[in-house]
Amino acid sequence: MMSSLPKRVTIVEVGPRDGLQNEAAFVSTAQKIGLIERLADAGLSFIEATSFVHPKAVPQLADADAVIGELETRPGLTISALVPNERGLDRALAAGVKRIALFTAASETFTRRNIRMSIADSLAVFRAVSQRAVEAGVSVRAYLSTCFVCPFEGDISARRVAELTEQLLELGADEIALSDTIGAAAPRDVFAVGEAILNRVSAPRLALHLHDTYGTALSNVLAGLQMGITTYDAAVAGLGGCPFAPGAAGNLATEDLVYFLDRMGITTEVDLARVLDAADAAASLVGSPPRSRQWSRVCGKAQGSSRDET
Ligand code: COA
Ligand code: ZN
């Protein structure tokens with residue numbers, strides 16, 4: 001069993017974007033850059049730093065232009081930014097971004113609530129933005145939100161997810177992040193979507209973007225590993241959620257993912273102790289303790305002590 005799992009995994013750190021977009025606290029540009037640098041120091045080599053969405057839609061990331069402009073480049077570090085439309089691409093290109101993340105969703109209702117468009121219209125935007133990006137030498141990742149369960153529509157068809165995945169690759173994305181936006185999936189859902197996709201698309205083109213609302217994120221990672229998926233998103237300190245998806249809790253915490261992969265003998269090149277330092281820093285920026293098992297273990301703090309649930 002173990003011998004068939006991948007030997008090496010890439011972690012895409014999304015805390016500075018997917019995390020901070022959902023935290024009420026105001027984090028200054030300098031603090032954001034400090035956090036991104038700590039994450040890079042921990043060995044994370046793919047970091048989604050910010051989002052060029054409308055500043056009124058996500059005020060926490062209204063300083064995207066400054067964050068990208070002021071971040072120092074490092075060899076081996078890829079910084080990406082979320083882009084929703086052509087206006088966002090103009091800003092991203094002006095700031096000097098080399099990798100962008102575009103997004104759509106597998107649920108019609110979620111797409112309307114999130115970006116006020118149909119899926120078909122969002123694909124037209126995707127096509128235009130991605131073509132311009134690739135011409136400018138900028139690579140494109142795609143998020144496909146609500147791949148398993150939608151907060152408005154419930155279960156999502158795995159066949160639909162597979163069709164959209166293929167379309168997004170044809171439109172210029174090099175990687176599709178299959179996203180469990182509300183963290184409701186269990187391994188059965190991941191296997192169903194994987195089986196529908198993997199006879200058309202190869203595993204290196206896929207990533208899993210998991211939230212941990214119901215504590216199923218790591219079991220979903222194992223399901224992904226069993227299907228040969230080698231890229232996983234995570235957010236330091238388990239930051240995040242989605243302001244447009246009711247019920248979405250934080251992302252899978254980077255430190256929990258690193259512990260799990262280390263213990264499985266899978267190489268990540270990320271240093272757990274340094275990620276915990278970054279989690280500590282992130283927590284003080286947002287004013288609540290890190291939401292991760294690793295943090296509870298290291299600091300002897302009760303998991304979820306700051307939350308309402310028991
Ligand atoms: N950055 C800055 N300004 C933008 C912008 C962007 N990415 N996109 C649009 N605008 C501006 C336009 O220039 C226009 O300005 P004007 O009125 O001064 O001419 C105004 O916003 C309205 O433009 P419009 O194309 O109608 O956009 P919209 O208001 O329908 O917004 C989105 C569409 C997608 C950009 C917006 O809903 C958004 O950013 N949502 C955030 C989605 C998100 O972050 N989700 C979480 C990740 S999954
Ligand atoms: Zn997310």
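Q: In the loop between which two elements is the place of Ala185?
A: This is a predicted model, so the answers describe a prediction. Ala185 has its place in a loop, with β8 (175–180) on one side and α8 (187–198) on the other. The elements asked for are β8 and α8.

Q: Is Ala185 buried or exposed?
A: A residue counts as buried when its relative accessible area is under 20%. For Ala185 the relative accessibility is 0%. Because that value falls under the cut-off, Ala185 is buried.

Q: How many Å apart in space are Ala185 and Thr213, C-alpha to C-alpha?
A: Along the sequence, Ala185 and Thr213 are 28 residues apart. In space, going from C-alpha to C-alpha, the separation is 9.4 Å.

Q: Where is Val201 found, and is Val201 buried or exposed?
A: Val201 is found in the loop between α8 and β9 (206–210). Its relative accessible area is 7%. Because buried means under 20%, Val201 is buried.

Q: What distance separates the C-alpha atoms of Val201 and Glu166?
A: Val201 and Glu166 are 35 residues apart along the chain. Their C-alpha atoms are separated by 7.0 Å.

Q: How many Å apart in space are Thr230 and His211?
A: In sequence, Thr230 and His211 are 19 residues apart. Taken from C-alpha to C-alpha, their distance in space is 17 Å.

Q: What is the phi of Thr146, and is this residue buried or exposed?
A: Thr146 is found in the loop between β5 (139–145) and β6 (149–150). Its phi is positive, in a residue other than glycine, with a value near 45°. Because its relative accessible area of 0% is under 20%, Thr146 is buried.

Q: Is Glu269 buried or exposed?
A: Glu269 lies in the loop between α10 (254–263) and α11 (272–286). This residue is not a glycine, yet its phi is positive, at about 65°. Its relative accessible area is 56%, and because exposed means over 50%, Glu269 is exposed.

Q: Which residues are the closest to ligand 1?
A: Let's turn to the ligand. Ligand 1 sits in the largest pocket, and 18 residues surround ligand 1. The closest are Phe52, His54, Asn85, Arg91 and Asn114.

Q: Which residue has a polar side-chain atom 2.8 Å from a nitrogen atom of ligand 1?
A: His54 uses a backbone N or O atom, which lies 2.9 Å from an oxygen atom of ligand 1. Asn114 does bring a polar side-chain atom to a nitrogen atom of ligand 1, but at 2.9 Å. The residue with the 2.8 Å distance is Asn85.

Q: What percentage of the area that ligand 1 exposes alone does the protein bury?
A: Taken alone, ligand 1 exposes 930 Å². The part of that area buried by the protein is 64%.

Q: Which helix gives the most to the shell around ligand 1?
A: The shell divides into nine nonpolar, five polar and four charged residues. Both α4 (86–95) and α5 (108–115) supply at least two residues of this shell. With three residues, the helix that gives the most is α4.

Key: Residues numbered from 1 in each chain as written. Chains lettered and ligands numbered in written order. Predicted model: local features only at pLDDT ≥ 70, side-chain atom pairs only at ≥ 80, totals over all residues. Heavy atoms only, no water. Near = heavy atom within 4 Å. Polar contact = N/O pair within 3.5 Å; in protein donor to acceptor, adjacent residues only side chain to side chain. Areas by Shrake-Rupley, 256 points an atom, 1.4 Å probe, with all protein chains shown as cover. 1 Å grid on protein atoms, 1.4 Å probe; cavity = no way out; pocket = protein on both sides within 12 Å on 5 of 7 lines; lining within 4 Å. Sits in = over half its atoms within 2 Å of the grid points. Helix = DSSP H or I, 4+ residues; strand = E, 2+ residues; numbered from the N terminus. Nonpolar A, V, L, I, M, F, W, Y, C, P; charged D, E, K, R; others polar. Buried < 20%, exposed > 50% of the residue type's maximum accessible area, 1.4 Å probe, protein only.
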